[in-house]
There are 2 protein chains.
Amino acid sequence: MLIDEGLELLDEDEAWRLVLPGGVGRVGVTIGPLPAIFPVNYVVVDGAIAFRTSPGTKLSAATARATVAFEVDDFDLVARTGWSVLVVGPSERVLDAKFSDALRVAGLAPMAAGARVDLVRIRPELITGRRLVHAAVL
Amino acid sequence: MLIDEGLELLDEDEAWRLVLPGGVGRVGVTIGPLPAIFPVNYVVVDGAIAFRTSPGTKLSAATARATVAFEVDDFDLVARTGWSVLVVGPSERVLDAKFSDALRVAGLAPMAAGARVDLVRIRPELITGRRLVHAAVL
């Protein structure tokens, strides 16, 4: 489905498949009155997005119990191809040992070194995806 | 300055220098009660971030007059290196012909085809940057 001349809307399954491999995603939160975006290294476990943060950081506080946005994308500016997926849902701190074990199996490693012992889970409620489409002549 | 064991805080000048070249950035907005993140192709003109959207889209509406987050980053997951910069400031629709001319000179092209005639400007008020740092042994 074309949502305008340059973007094709992906169906939810297709969009979710692009999220599944994990990697770098961006978390959108509100800190007081201000929006903020933080990149994280994430995995998908049991249908949820999971990442680690350090206790005491802004990201940790903002995702402890909130509704957040999570975005992944991949673009090639030269070829003018690419896609993005936006996930919105409740985030929460996870203390579940079974979930932590599943994450270890899934190979979640934070990008930054240090004591990233807070585990955050986002349960997707809205999943939307877009892909760049181009006419033959640009 | 190390903000924790794995992240170094960049000073504002250093962070802004990473934003200056333009490319793909992500805009964080609030749509009703929900956060959202949209990737855009941007340039920096006259100290402001500029990008194009299509009239009638969620991104266009959400950035017409708001305080938004804007994030750029670059990570190498294999080398475990990378940085991110977060800019927060007011966004507005731009109708200024001089600004449009400056954008053409700066070579702003939207990633998607189509009638991306809305021009949006974000004036940076907060600029923060982080860089991954690692101990010799991981």
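**Figure 1. D46(A), an exposed residue in a loop of chain A.** At 66% relative accessibility, D46(A) counts as exposed (exposed means over 50% relative accessible area, buried under 20%, and partly exposed in between, with a 1.4 Å probe and protein chains only). D46(A) lies in the loop between strand 3 and strand 4 (48–53) of chain A, where strands (E, at least two residues) and helices (H or I, at least four) are DSSP runs numbered from the N terminus. The phi of D46(A) is near 50 degrees, a positive value in a residue other than glycine. Most residues other than glycine have a negative phi. The model shown is predicted, so local features need pLDDT of at least 70 and side-chain atom pairs count only at pLDDT 80 or more, while totals for chains, interfaces and linings use all residues. Residues are numbered from 1 along each chain as its sequence is written, chains are lettered from A and ligands numbered from 1 in the order in which they are written, and side-chain values use heavy atoms, with hydrogens and water left out.

Figure 2. D46(B) is placed in the loop between strand 3 and strand 4 of chain B, and it counts as exposed at 67% relative accessibility. Its phi is near 55 degrees, again a positive value in a residue other than glycine. The two strands form a hairpin with 2 residues between them; they run antiparallel and are joined by 4 bridges (two strands pair if DSSP finds at least two bridges between them). Within this pairing, V43(B) stands opposite A50(B) in strand 4 of chain B.

**Figure 3. Strand 4 of chain B, enclosed by the rest of the structure.** Because 6 of the 6 residues of strand 4 (residues 48–53) of chain B are buried, this strand is largely enclosed by the rest of the structure. A48(B), A50(B) and R52(B) point one way from the strand, whereas I49(B), F51(B) and T53(B) point the other way. In a regular strand the side chains alternate between the two faces of the sheet. Strand 4 of chain B is also joined to strand 7 (residues 118–122) of chain B, which runs antiparallel to it, by 5 bridges, and the bridge partner of A50(B) in strand 7 is R121(B).

**Figure 4. A69(A) within strand 5 of chain A.** A69(A) has its place in strand 5 (residues 65–76) of chain A and is buried, with a relative accessible area of 0%. Leaving out residues up to four places away in sequence, A69(A) touches R26(A), V27(A), G28(A), L86(A), V87(A) and V88(A), and from chain B it touches P35(B), A36(B) and I37(B) (contact means heavy atoms within 4.5 Å). Strand 2 (residues 23–31) of chain A is joined to strand 5 by 3 bridges and runs antiparallel to it, with G28(A) standing opposite A69(A).

Figure 5. Strand 5 of chain A and strand 6 (residues 81–93) of chain A run antiparallel and are joined by 12 bridges, with T67(A) opposite P90(A). These strands form a hairpin with 4 residues between them, and R80(A) in the turn has a positive phi of about 55 degrees. S84(A) is found in strand 6 of chain A and counts as buried at 5% relative accessibility. Apart from neighbours within four places in sequence, the contacts of S84(A) include E71(A), D73(A), F75(A), T128(A), R130(A) and, from chain B, P39(B).

Figure 6. The structure holds 1 cavity of 30 Å³ or more, and the largest cavity has a volume of about 50 Å³. A cavity here is a set of points on a 1 Å grid over the protein atoms alone where a 1.4 Å probe fits but cannot get out, and lining residues have an atom within 4 Å of a point; the volume is the space filled by probe spheres set on the points, which are joined across faces, edges and corners. Its lining consists of G28(A), V29(A), T30(A), P35(A), A36(A) and I37(A) together with G28(B), V29(B), T30(B), P35(B), A36(B) and I37(B). Strand 2 and strand 3 (34–45) of chain A, and strand 2 (23–31) and strand 3 (34–45) of chain B, each supply at least two residues of this lining. By class, the lining has 8 nonpolar, 4 polar and no charged residues, where Ala, Val, Leu, Ile, Met, Phe, Trp, Tyr, Cys and Pro count as nonpolar, Asp, Glu, Lys and Arg as charged, and the others, Gly among them, as polar.

How values were computed:
1 Å grid on protein atoms, 1.4 Å probe; cavity = no way out; pocket = protein on both sides within 12 Å on 5 of 7 lines; lining within 4 Å.
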